[in-house]
Amino acid sequence: MFIINCPYCGERDQTEFTCHGEAHIARPDNPSEISDEEWGKYLFFRENPKGTHFERWTHDHGCRRWFNVMRDTVTDQIIKTYKMGEAKPVISNE
Amino acid sequence: MSNQPQIFSPLTQKEKIASDNISLELIDFIGKINVRLKEDDVQARDAVEKYLTYSLPKSAGEVTGNNETRVLWLGPNEYLLLSEDEKKDNVINGLREILSDSFCAITDVSDYYLTMRLSGPKSIEVLTKACPLNFDQYLTKGNSCAQSYISKATVLIDRLSDDLVFDISVRWSFADYLWDWLADSSNEFILSEK
């Protein structure tokens with residue numbers, strides 16, 4: 001069983017959660033002023049790293065809150081979970 | 001033909017289970033009020049606590065209450081307040097009055113959820129068949145609650161006391177399915193008594 005640590009509820013089974021793609025993507029403040037290319041980049045282009053990835057998840061069958069997950073895409077290990085609004089953790093080069 | 005709305009429960013036709021190992025019964029018509037406050041609004045929280053005369057749950061899975069009402073933790077800024085069905089309108093109006101200046105939401109969800117009570121020494125064994133919760137870690141004592149799912153239905157489980165008594169709240173459209181599932185899963189423990 002794969003356990004995810006919800007920042008609000010604690011350790012719960014993975015099947016209670018859903019992943020919603022990459023985290024820390026800020027909507028441009030001035031959408032009417034930027035080019036189509038920049039807007040397209042914001043809308044459609046995502047990182048696809050081999051290694052540490054930052055994602056947004058929801059605890060659907062629990063508290064129904066959104067939170068961020070730092071996950072290794074190679075090992076599937078969840079390195080850290082943290083609340084929305086908290087700073088992006090720094091990736092160590094170990 | 002009358003246009004008067006009629007109160008009925010989707011589970012009135014179900015036969016309740018009562019055995020030494022496991023019991024399942026319908027707990028009809030409880031007032032359920034969803035209360036959402038801003039997480040950092042201490043003033044609103046204090047006002048609600050003063051109104052209820054006891055403190056709101058502070059951490060995940062906590063339940064507080066007195067003889068009249070009971071408050072379950074649903075999220076860092078969300079609570080479920082249970083009261084008698086007849087008294088819920090008073091509670092809703094009371095809360096709306098004291099929170100009139102706060103950013104909050106008070107929603108009557110009494111008819112949205114249905115509650116069934118599972119009890120008996122085998123109740124945890126029935127639940128663990130299709131609920132991913134670790135029952136050594138969660139719902140270990142009375143006055144605790146947890147949200148999870150049982151089979152395909154999202155549920156809120158409220159452990160009423162240190163005895164094995166669980167009130168399971170489920171969206172009413174799932175109630176028929178969940179009742180049948182629990183009844184079917186309980187069957188082996190009823191048969192083993194005979």
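This presentation describes a predicted model with chains A and B, beginning with chain B and ending with the contact between the two chains.

A word on conventions first. The model is predicted, so local features are given only at pLDDT of at least 70 and side-chain atom pairs count only at pLDDT 80 or more, while totals for chains, interfaces and linings use all residues. Residues are numbered from 1 along each chain as its sequence is written, and chains are lettered from A and ligands numbered from 1 in the order in which they are written.

Let me turn to chain B. Chain B contains four helices and eleven strands; these elements are DSSP runs, H or I over at least four residues for helices and E over at least two for strands, numbered from the N terminus. Its radius of gyration, taken over C-alpha atoms, is 18 Å, close to the 16 Å from the globule rule for 194 residues, so chain B is as compact as a globular protein of that length. The rule itself is 2.2 Å times the number of residues to the power 0.38. The C-alpha trace of chain B spans about 60 × 55 × 30 Å along its principal axes.

Of the 194 residues in chain B, 34% are buried. A residue is called buried if 20 or more other C-beta atoms lie within 10 Å of its own, exposed if 12 or fewer, and partly exposed in between, with C-beta atoms placed from the backbone.

How is chain B divided? An automatic or database domain assignment gives domain 1 (17–28 + 111–191) and domain 2 (30–108). The centres of these two domains of chain B, taken over C-alpha atoms, are separated by 24 Å. Their contact takes eleven residues from domain 1 and eight residues from domain 2 of chain B, where two residues are in contact if their C-beta atoms, placed from the backbone, lie within 7 Å. On the domain 1 side, β8, β9 (144–150) and β10 (153–161) of chain B each supply at least two residues, and β9(B) gives the most, with four residues. That side of domain 1 divides into six nonpolar, four polar and one charged. Here Ala, Val, Leu, Ile, Met, Phe, Trp, Tyr, Cys and Pro count as nonpolar, Asp, Glu, Lys and Arg as charged, and the others, Gly among them, as polar.

Strand β8(B) also deserves a description of its pairing. Strands pair if DSSP finds at least two bridges between them. Strand β2 (residues 23–27) of chain B pairs with β8 (residues 113–119) of chain B in the antiparallel sense over five bridges, and Ser23(B) has Ser119(B) as its bridge partner. With β11 (residues 165–171) of chain B, β8(B) pairs in the antiparallel sense over seven bridges; in this case Arg117(B) stands opposite Asp167(B).

Is Asn67(B) buried or exposed? Asn67(B) counts as exposed because it has 5 C-beta neighbours inside 10 Å. Asn67(B) lies in the loop between β4 (63–65) and β5 (70–75) of chain B.

In chain A, an open sheet of four strands has the order β3-β4-β5-β6, with antiparallel pairing. Its edge strands are β3 (18–22) and β6 (78–83) of chain A, each pairing on one side only. Within the sheet, seven bridges join β4 (residues 52–58) to β5 (residues 66–72) of chain A, with Thr52(A) opposite Asp72(A).

Finally, the contact between the chains takes eleven residues from chain A and nine residues from chain B. The chain A side has three nonpolar, four polar and four charged residues.
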